[in-house]
Amino acid sequence: MGEQNHSPGKELQPWTRTEAPGKKSWHPQAYALGAVSNFMSTFLTFPIYKVVFRQQIHAVAVSQAIRQLWHEGPQYFYRGIYPPLLSKTLQGTLLFGTYENLLCSLCPVGPHSLGHRCTAGLMSGVVEAVALSPFERVQNVLQDGRKQARFPSTFSILKEFHSYGLWGRLSMGYYRGFWPVLLRNSLGSALYFSFKDPIRDSLAEQGLPHWVPALVSGSVNGTITCLILYPLIVLVANMQSHIGWQSMPSLWASAQDVWDTRGRKVFLIYRGGSLVILRSSVTWGLTTAIHDFLQRRARSRKELKD
């Protein structure tokens, strides 16, 4: 399934297509574009994310999650933003940069098939999970209102992790809940990158403004991917909110606890689905549109220099 250039100057082509065979296929600029797009979208959508996180942890309605945050006071509303801001910026750097360069290695001149996009997306998700799981771990502890008194800052959490010993720092500290994180990230990235460009290019053929196809493509892909993988998202949030040697249930025990807490009903696991749809649509829509815009600008400047 290759993508065709139906409308020169309207559709954004991957980096590999504009290069002659034999030229280098390493594109460091792809990392910078991913970093900027994820930084901006994360900062704008963090309040939505925090409400969703409270629902995942406490299994409460949207209104109750908002009341919890309101009761804690505005000084805590952006508590925990620095780890996700840093991790999401690094996520964009690794995710988009690694994907673009892996795609170059798999298929230097294009067109890129569904298999190429899926494989590159899967591997970029693996790299992302290994590099960023510690950031998500700290973030989830910070955002759990039950631990504000014991762990008031990032430093206090890091100090706790470093009291475990070398193996404990990894298994019980920074990489708690790693396997569901790995599964979620690799599958999510594979789905996102497999269908992002085809949807965008199909919409671009309709003569829409150049930012609309990327926005819609990112929103649709982010929403569908998040809904498919939402049970893993809930499991990760619950596993990573635990801290201390005496409160570390196994993966199976954590999954069973989530299932029991939600009354053994699938629709209760998906509680908060409306906000998940909103957050995913806005976040991935903005990320994809910003990335598409920056990539167009970079391509235009390169063409002018050439």
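This tour moves from the whole chain to its salt bridges.

The model is predicted: local features need pLDDT of at least 70, side-chain atom pairs count only at pLDDT 80 or more, and totals for chains, interfaces and linings use all residues. Residues are numbered from 1 along each chain as its sequence is written, and side-chain values use heavy atoms, with hydrogens and water left out.

Begin with the protein chain in cartoon view: there are 11 helices and 0 strands (DSSP runs numbered from the N terminus; helices are H or I of at least four residues, strands E of at least two). Colour by burial next; 51% of the 306 residues are buried (under 20% relative accessible area, 1.4 Å probe, protein chains only). Of the contacts (heavy atoms within 4.5 Å) between residues at least 6 apart in sequence, 79% join residues at least 24 apart.

Now turn to the salt bridges (a side-chain nitrogen of Lys or Arg within 4 Å of a carboxyl oxygen of Asp or Glu), of which the whole structure holds 9.

Select Arg184 and Glu136, whose side chains form a salt bridge at 2.8 Å, N to O. Arg184 belongs to helix 7 (residues 178-204) and Glu136 to helix 4 (residues 114-143), so this pair ties together parts 48 residues apart in sequence. Both residues are buried.

Proceed to Asp292 and Arg200, a salt bridge with its closest N and O atoms 3.5 Å apart. Asp292 lies in helix 11 (residues 273-305) and Arg200 in helix 7, so the pair ties together parts that are 92 residues apart in sequence. Asp292 and Arg200 are each buried.

Within it, Asp197 pairs with Lys196, their closest N and O atoms being 2.8 Å apart.

Methods. Buried means under 20% relative accessible area, exposed over 50%, partly exposed in between (1.4 Å probe, protein chains only).
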